[in-house]
Structures are given as structure tokens and as C-alpha cells.
Amino acid sequence: MNLQLPSGPSLSNCRDRLLRFFPNEYAYYDAIPTNDPNRIEPLDILVTVSMNSRVATGEKVQKVHRGMAAACDPLLPRIPVDADILIFDPDLEVGESLLSAAISVPGVLSAVATKVLHRKRRNYIPMLDSVVVLFYLDALHLKSTQGRLQDKTKAAQATMPAWRAFREDLRANLTEIKALRDDLVKGGYVVTPVRILEVLIWMEAESRGYYREAKAQGLPTNPRLGSVGSSPKKNS
């Protein structure tokens, strides 16, 4: 199955790619439940280590957890647990406010913020790491703005064009993505349309080609190595 994105690119062999990705990755992030959808918990930070967030020492975990809990817990109840990116918050104002709050925490930029927050609202908040964000900034002819992703006063605003374009790509391909989700469920991989599209874009855009082709055998435990400004999966 192929997807044609309004943002420009075509994504090919989507089913095959997903069925290579999730058997290797699902257990370490997607399969781990969240206990309280309205509170950032220590587990929400710890699990991002499997996504190479580089929040990888006890001190960093504690600081990021306490900071994000203080910043985000008051805002999370404003977003329904089952919020749908295609329906809820049409202007993404609530999403930008939450992202800005998360990024205000030391050690957090868009990648860490969304790797944590996706667990809380899995069909509303995509993981917007450097690979995914730069994919969209390039498609939108906004690559000159990528330096803002490292500026805590501008990072949330600089990330929003990618979030909005992602939403429209999802909207245009929802029927096909739902069919892909049904195939994944049959294999025991329960993920949202938002997660499916994010994974497909990451696989298409990351430079090393993990999971893109059937020849990808003997993969490392987790190839998502990067952060905003690095590749493949961003960290901060």
C-alpha cells in the first residue's frame, strides 16, 4: 500500500515497512501503558530511553519528570483522553500551549516533549522529532527556520507547521491508514493512526534506511539515535 501526502512525498510499501518496524520496536514503547492520562509519571520519562531520548541518567529522569509534571499536569485535563487530531482543537492552540509548557522545562525540546506527551494523547500528539519535523519543514520550504527548534523561546512555534501539515497528511490518507491499523491489530500491535503515520514518515526520512527495505535484517535493538538537529530520532 502506498500513501500520497498532500505535503508532497509518496510513501511506498507502507504495510511491509510497518510489519518490519513494530515487531522490533513495539514492546519497548507502544505496548507500555500509561497509568494516569492526566499526569506525567516517572514511567513516561523512563520509557523514552527506548526511543533514544538521551534522558538517560537518574538525575536527568528526575529533573525532566518533575519539570514536565509541574508544567503539563495542569493542562492535560483540557484535552480529552480520546482526543482526535482531526476533530479536537482545530487551530492546535491547546496543543501548542501544552508543547510550550513542556519545552519550558530544562533539558526538554520538541522531541522529548512529544515522546512523553504522545503516551498521554496517542491519537492527538504525534512524536515530532528532528527527522519528522525537518521532513515537513523541507516540504513546506521552511528549512531556514530549523535553527529555532533549538531555541526554547521559539521551539514550540517553530514545530507547529510540521504538526499542522502532519494533520492534513493524516486527514487525506485516513482510510488507508485505518486499513493499515487493522492489519497491525491482527498481528497484536495496537497503535493509533497518528502513530502509524509518524512511524511511516520517520522511516521514509531518516538517513540510514532502517526498516525501509526488506533487506533490513539483523537490525540493532533500536536504531532511533538522534535529536532535533540529529538523525535519525531526535532527543531533546
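Modeller: A salt bridge here is a side-chain nitrogen of Lys or Arg within 4 Å of a carboxyl oxygen of Asp or Glu. Please note that this is a predicted model, in which local features need pLDDT of at least 70 and side-chain atom pairs count only at pLDDT 80 or more, while totals for chains, interfaces and linings use all residues. Residues are numbered from 1 along each chain as its sequence is written, and side-chain values use heavy atoms, with hydrogens and water left out.

Colleague: How many salt bridges does the structure hold?

Modeller: The structure holds 12 salt bridges. Arg39, Glu41, Asp44, Arg119 and Lys120 are linked by such bridges in a network.

Colleague: Is Glu41 buried or exposed?

Modeller: Glu41 is buried, with a relative accessible area of 11%. Lys120 is buried as well, at 3%. Buried means under 20% relative accessible area, exposed means over 50%, and partly exposed lies in between (1.4 Å probe, protein chains only).

Colleague: And what is the partner of Asp44?

Modeller: Asp44 forms a salt bridge with Arg119, with the closest N and O atoms 2.8 Å apart. Asp44 lies in helix H2 and Arg119 in the loop between H5 and H6, so the pair ties together parts that are 75 residues apart in sequence. Asp44 counts as buried at 0% relative accessibility, and Arg119 counts as buried at 2%.

Colleague: Where do Glu198 and Arg195 lie?

Modeller: Both are in helix H9 (residues 193-205), three residues apart, which is about one turn of the helix. Glu198 forms a salt bridge with Arg195, the closest N and O atoms being 2.6 Å apart. Both residues are buried.

Colleague: Let us change topic to the nonpolar side. Which residues touch the most other members of the largest nonpolar core?

Modeller: They are Met68 and Tyr124, in a core of 72 residues. A nonpolar core is a set of buried Ala, Val, Leu, Ile, Met, Phe, Trp, Tyr and Cys residues joined through side-chain atoms within 4.5 Å. In soluble globular proteins, nonpolar side chains tend to be buried together.

Colleague: Which element gives the most to this core?

Modeller: H7 does, with nine residues.

Colleague: What does Met68 touch?

Modeller: Not counting residues up to four places away in sequence, Met68 touches several residues, including Ile40, Ile45, Ala102 and Leu117. Contact means heavy atoms within 4.5 Å.

Colleague: Finally, what is the overall picture?

Modeller: The chain has nine helices and two strands. From the N terminus on, the order is β-β-α-α-α-α-α-α-α-α-α. Buried residues make up 53% of the 236 residues in the chain. Of the contacts with a separation of 6 or more, 70% are between residues 24 or more positions apart. The C-alpha atoms fill a box of roughly 40 × 35 × 30 Å, taken along the principal axes.

Note on methods. Helices (H or I, at least four residues) and strands (E, at least two) are DSSP runs, numbered from the N terminus.
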